[in-house]
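Open the model in your viewer and keep the selection panel at hand. The stops below go one selection at a time.

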Amino acid sequence: MDTTVENTTVAVRALTKRYGRATVLDRADLDLGPGVTGLLGPNGAGKTTLLRCLATTLAPDDGEIRALGLDPARREQRTALRRRLGYLPQDPGFYPHFTVFELADYVAILKEVTDRAERHREVRRVLAEVDLADRARTKVRKLSGGMRQRLALAQALLADPELLILDEPTVGLDPEQRMRFRALVSRLGESRTVLLSTHQTEDVAALCERVVVMNGGRVVFEGTPGGLAAVAAGRVWISDAPPSGSELFWRTADGRYRTLGERPPGGAPAVPAIEDGYLLLLGAPVEAAA
Amino acid sequence: MSTTWHLPDELTQRYAAGRLAPAQVMSVEAHLARCGRCRAAVPYEQEWLAESWERVADVVDRPALRLSERILHRLGVPEHVARLLSATPSLSRAWLAALTAVLAFAVVSARLAPGQEDVLLAFLLVAPVLPVAGVAAAYGRHVDPVHETQAATPMSGPRLFLLRAVTVLAVALGLTGGATLLFPGPLGLSAAWLLPALALGLGLLALSGRLSPLLAGAVLVTGWFGAALVCHAVLHDRFLPFHPAAQALYGAATLALLPLVYLRRRRLAPGEPRWTRL
């Protein structure tokens with residue numbers, strides 16, 4: 001796998017986090033540079049724990065993080081990092097009695113934008129970015145799930161962060177909103193380091209320059225989306241009949257069968273997609289995948 | 001319509017910069033409405049237009065100040081700090097209403113049944129707990145729905161916690177103090193809750209570097225009621241926790257905790273992640 005990152009902005013070394021006996025992060029290594037990186041992995045892979053450590057809301061038990069040249073283990077550097085960080089948590093909470101404007105305004109104050117005129121300008125800017133400008137005076141409790149997710153994204157964009165950490169940002173967005181989100185994030189990635197976790201391989205294919213796959217608390221793939229698809233090269237087949245073995249397969253819209261693994265009887269080779277590489281990676285031993 | 005006089009350049013510049021009094025603005029705009037030459041002289045840069053529009057938009061979008069923010073603003077608290085405090089869970093309308101109801105109930109009960117020591121004792125035992133409960137519910141993952149988001153901001157940790165804790169303490173002490181004044185009987189006895197409240201409140205702040213505020217509050221409240229129970233059941237004196245000797249003890253604890261909390265103020269960060277190498 002291609003682990004080379006130019007102009008590394010975030011370096012994670014042997015990061016470990018345990019909850020009781022369960023090891024959620026198991027000596028995870030990772031390098032990030034400017035641009036958009038997608039973080040894929042099944043539930044329980046350790047994605048959210050890794051993102052929370054990077055966002056400085058959770059301390060690892062062992063290992064090191066250097067983000068934007070700063071060490072979050074040191075209090076002063078942690079605060080300095082938070083000044084340059086935008087974070088969308090997996091489960092962003094809200095004050096339901098606040099309006100959209102008030103909530104963004106509140107987070108802007110937490111980000112030390114204390115001058116009112118400058119702060120309100122910044123709030124209007126981010127609300128416009130996520131297409132919520134016309135909802136500025138709406139109470140948060142009256143927003144739909146998708147609108148709340150956009151508000152959560154808006155607060156992450158406040159104060160022009162250099163490092164954006166987005167935990168499942170496309171959850172709850174309809175297809176049109178997802179397209180807008182992709183356009184916004186790809187634009188942000190031109191000048192920033194963006195790390196986003198997702199279950200959607202289409203999101204990764206559409207906007208990420210790099211992709212990281214986690215499984216069992218470890219990073220099992222780090223490279224380009226093309227590299228992830230290439231993991232499945234020569235192992236994706238299309239056939240009229242289902243395979244007889246234990247290979248992973250599913251029926252496609254045209255009634256044929258797409259098989260990952262050994263060639264089924266009458267199977268023709270197919271062009272591998274990111275999803276194929278991802279599925280094979282999760283089903284294969286780490287050494288084989290690497 | 002033509003006009004025989006024109007705006008001085010200096011007046012036009014001040015109008016464009018927004019530095020005129022409202023009456024002058026009206027006068028200038030009345031003139032501009034009928035004088036093309038002066039209209040052409042008003043700077044009409046995109047930047048100026050954008051700034052003017054922004055000022056208008058800000059007036060339209062600016063959220064109205066909440067009652068708590070208006071009160072804090074009147075007390076000289078900066079606008080952005082008042083907004084921060086308005087989100088404190090234990091300064092919410094529901095919380096304050098519950099606190100006021102508890103205190104009003106105590107005062108009314110005491111007035112309806114004068115001479116009843118039980119009501120006074122209940123008030124004295126509960127009053128020191130109210131500020132502690134308010135501080136415990138002011139900050140943390142379990143009480144604040146926005147905690148995870150704000151934990152990744154530079155204001156999180158000791159700054160925000162202390163800001164909220166001190167405000168909640170002041171509000172709770174103020175409300176309870178007001179109730180004390182309405183209580184029948186000698187003021188000295190009904191105000192005997194104050195020193196234990198201060199000691200418990202400062203004890204909570206001191207413990208918050210190591211425990212979550214909720215847990216620290218639970219420990220202190222349990223200890224307080226436990227001590228009261230011992231006084232009643234073992235020492236057979238229900239009012240022992242409010243005797244002068246006990247008050248001296250609370251005073252000493254308060255004096256000892258004040259500098260401790262001040263010295264550890266940068267480490268009072270409930271919920272702040274602890275890196276093992278620190």
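A residue is called buried if 20 or more other C-beta atoms lie within 10 Å of its own, exposed if 12 or fewer, and partly exposed in between, with C-beta atoms placed from the backbone. Helices (H or I, at least four residues) and strands (E, at least two) are DSSP runs, numbered from the N terminus.

This is a predicted model, in which local features need pLDDT of at least 70, side-chain atom pairs count only at pLDDT 80 or more, and totals for chains, interfaces and linings use all residues. Residues are numbered from 1 along each chain as its sequence is written, while chains are lettered from A and ligands numbered from 1 in the order in which they are written.

**Chain A: helix α1**

Select residues 47–54 of chain A. This is helix α1, largely enclosed by the rest of the structure because eight of its eight residues are buried. Among them are A:Lys47, A:Arg52 and A:Cys53. Step just past α1(A) to A:Thr56, where phi is positive, about 65 degrees.

**Chain A: Thr23**

Go to strand β2 (residues 22–32) of chain A and pick A:Thr23. Is A:Thr23 buried or partly exposed? A:Thr23 has 16 C-beta neighbours inside 10 Å, so it counts as partly exposed. Two residues are in contact if their C-beta atoms, placed from the backbone, lie within 7 Å. Setting aside neighbours within four places in sequence, A:Thr23 contacts A:Thr16, A:Arg18 and A:Gly217.

**Chain A: confidence**

Colour by pLDDT, the predictor's confidence in each residue, from 0 to 100. Chain A averages 90, and 95% of the residues score at least 70. Select residues 284–290 of chain A: pLDDT is below 50 there, and the stretch has eight contacts beyond near neighbours in sequence. Where pLDDT is low, the predicted coordinates should not be read in detail.

**Chain B: two domains**

Colour chain B by domain: domain 1 is 9–61 and domain 2 is 67–267. These bounds come from an automatic or database domain assignment. The domain centres, taken over C-alpha atoms, are 53 Å apart.

Select residues 13–39 of chain B, which an unreviewed UniProt entry annotates as "domain: Putative zinc-finger". The chain here is 70% helix and 0% strand, with its end C-alpha atoms 12 Å apart.

Next, take the "transmembrane region" annotation of the unreviewed UniProt entry, which includes residues 94–113 and 161–183 of chain B. Residues 94–113 of chain B are 95% helix, and 28 Å separate the end C-alpha atoms. Residues 161–183 of chain B are 96% helix, with 32 Å between the end C-alpha atoms. UniProt positions follow the numbering used here, feature names are shortened, and annotations may be inferred rather than shown by experiment.
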